Amino acid sequence: MTSDAVVVGAGVIGLTSAIVLAERGRRVAVWSRDPAGATTSAVAGGLWWPYRVQPSEKVGAWSLRTLGVLAELAARPEETGVRMVDGTQAGIGLGDLGPWATEVPGLRPARREELPEGWTHGLRARIPVVDMSTHLGYLRRRLEAAGGSVEQRAVADLAEAAREAPLVVNCTGLGARDLVPDAEVRPVQGQLVIVENPGIDEWFVAADPGSADTLYVLPQPYGVILGGTAREDVWDLTPDPATAEAIVARCARVHSRLAGARVIGHRVGLRPARSRVRLEADTAAGGVGLPRLLHNYGHGGAGVTVAWGCAEEAAGLG
């Protein structure tokens, strides 16, 4: 065998899982069906915040661990793609969050004058905003510096990876639906619009977890990401012009300058949703020719939020 571990999937979950294993001394190969720019992670908005992800009893610890890592990486934003940015979550209070919220430095109720018209309450925080293109490049370089490798290679069967390493870590996201197979993994379509920045330097989110339409404004080095949608069981990756127009209109109610901002791009991604993240050793794997199989998928729209916490737990299982 040429590797100690094969990680299948090169999104943020797969790369962080591989880094943790490699930095603990294992020879790690990452296999990815898609190039980094075509992964779901590449089109993510990039805001750290536990969103549509379960189980709640574990998400807090995963998120806080990841927050700590990202805060350290924010000291080198041009290299890592991570910046600490002030912003507002509208329409929620501290009582709507889990115990993890008390450990987020500076998280507090918003004052009335800090809220746009139409919202009566919310929260303020300085948290990571991640430029995912830059960040995925950083993660790959960090993995390679630790002796790991990334190979574009489609996998039809996890047993294929097991022939090359005694440990296989399945980080295939939505691909797990067919590869495992796991019918519980479902797409939640997210559409974004990218516009030139008219001078916005804070993030803003108003997202009802039960709604198919969300509102978020995320300043990035290349422009402002406007969102969005959260449409369950929709597989279409084609941007819808009417949806894009509605997204811009929603965001312009918060920042009127966005109404006239030049559109520079559209993105659609499929979040790999599941009733709860599957992070476990597959005890049945030995029966299908896999000596050691770990699953780490089903993070929905919170991959960047929980990645490091999940990666460290997965490494502990292997």
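This is a predicted model: local features need pLDDT of at least 70, side-chain atom pairs count only at pLDDT 80 or more; totals for chains, interfaces and linings use all residues.
Trp-48, Trp-49 and Trp-100 form one aromatic cluster. In total, the structure holds 4 aromatic pairs. One of them joins Trp-48 and Trp-49: their ring centres are 6.3 Å apart and their planes meet at 80°, so the pair is edge-to-face. Trp-48 is buried, with a relative accessible area of 0%. Trp-49 is buried too, at 8%.

Trp-49 also pairs with Trp-100. Here the ring centres lie 5.5 Å apart and the planes stand at 85°, so this pair is edge-to-face. The two residues come from separate loops. Trp-49 sits between β2 (28–32) and α2 (56–73), while Trp-100 sits between β3 (82–90) and β4 (108–109). The pair therefore ties together parts that are 51 residues apart in sequence. Both Trp-49 and Trp-100 are buried.

What reaches the backbone of Trp-49 from elsewhere in the chain? The side chain of Thr-305 does, coming within 2.9 Å of the backbone nitrogen of Trp-49. Thr-305 belongs to helix α8 (residues 303–317). Its relative accessibility is 0%, so Thr-305 counts as buried. Leaving out residues up to four places away in sequence, Thr-305 touches Leu-47, Trp-48, Trp-49, Pro-50, Trp-62, Ser-63 and Thr-66.

Now widen the view to the nonpolar interior. In soluble globular proteins, nonpolar side chains tend to be buried together. The largest nonpolar core here has 58 residues, and Trp-49 and Trp-203 touch the most other members. Helix α1 (residues 12–23) gives the most to this core, with 8 residues. A second, separate core has 18 residues, including Ala-90, Val-195, Leu-226 and Val-254.

Beyond its neighbours within four places in sequence, Trp-203 is in contact with Leu-47, Val-85, Asp-86, Gly-87, Thr-88, Gln-89, Ala-125, Ile-127, Val-129, Val-217, Leu-218 and Pro-219.

How many of its 12 residues are buried? The count is 11, so α1 is mostly covered. The buried residues are Val-12, Ile-13, Gly-14, Leu-15, Thr-16, Ser-17, Ala-18, Ile-19, Val-20, Leu-21 and Ala-22. After α1 comes Gly-25, with a positive phi near 100°.

Another aromatic feature involves a charge. Arg-153 lies over the face of Trp-31, at 3.7 Å from the ring centre.

Finish at the start of the chain. Thr-2 lies in the segment before β1 (5–8). Is Thr-2 buried or exposed? Its relative accessibility is 58%, and exposed means over 50%, so Thr-2 counts as exposed. Setting aside neighbours within four places in sequence, Thr-2 is in contact with Arg-27 and Glu-164. The C-alpha atoms of Thr-2 and Ala-29 are separated by 8.9 Å, with the two residues 27 apart along the chain. Thr-2, at 58%, stands against Thr-305, which is buried at 0%.

Conventions:
Residues are numbered from 1 along each chain as its sequence is written. Side-chain values use heavy atoms; hydrogens and water are left out. A nonpolar core is a set of buried Ala, Val, Leu, Ile, Met, Phe, Trp, Tyr and Cys residues joined through side-chain atoms within 4.5 Å. Buried means under 20% relative accessible area, exposed over 50%, partly exposed in between (1.4 Å probe, protein chains only). Helices (H or I, at least four residues) and strands (E, at least two) are DSSP runs, numbered from the N terminus. Contact means heavy atoms within 4.5 Å. A polar contact is a pair of N or O atoms within 3.5 Å; within protein, one must be able to donate a hydrogen and the other to accept it, and residues adjacent in sequence count only if both atoms are side-chain atoms. Rings of Phe, Tyr and Trp (its six-membered ring) pair if their centres lie within 6.5 Å; planes under 30 degrees apart count as stacked, over 60 as edge-to-face and the rest as tilted. A charge sits over a ring if NZ of Lys or CZ of Arg is within 6 Å of the ring centre and within 35 degrees of the ring normal.
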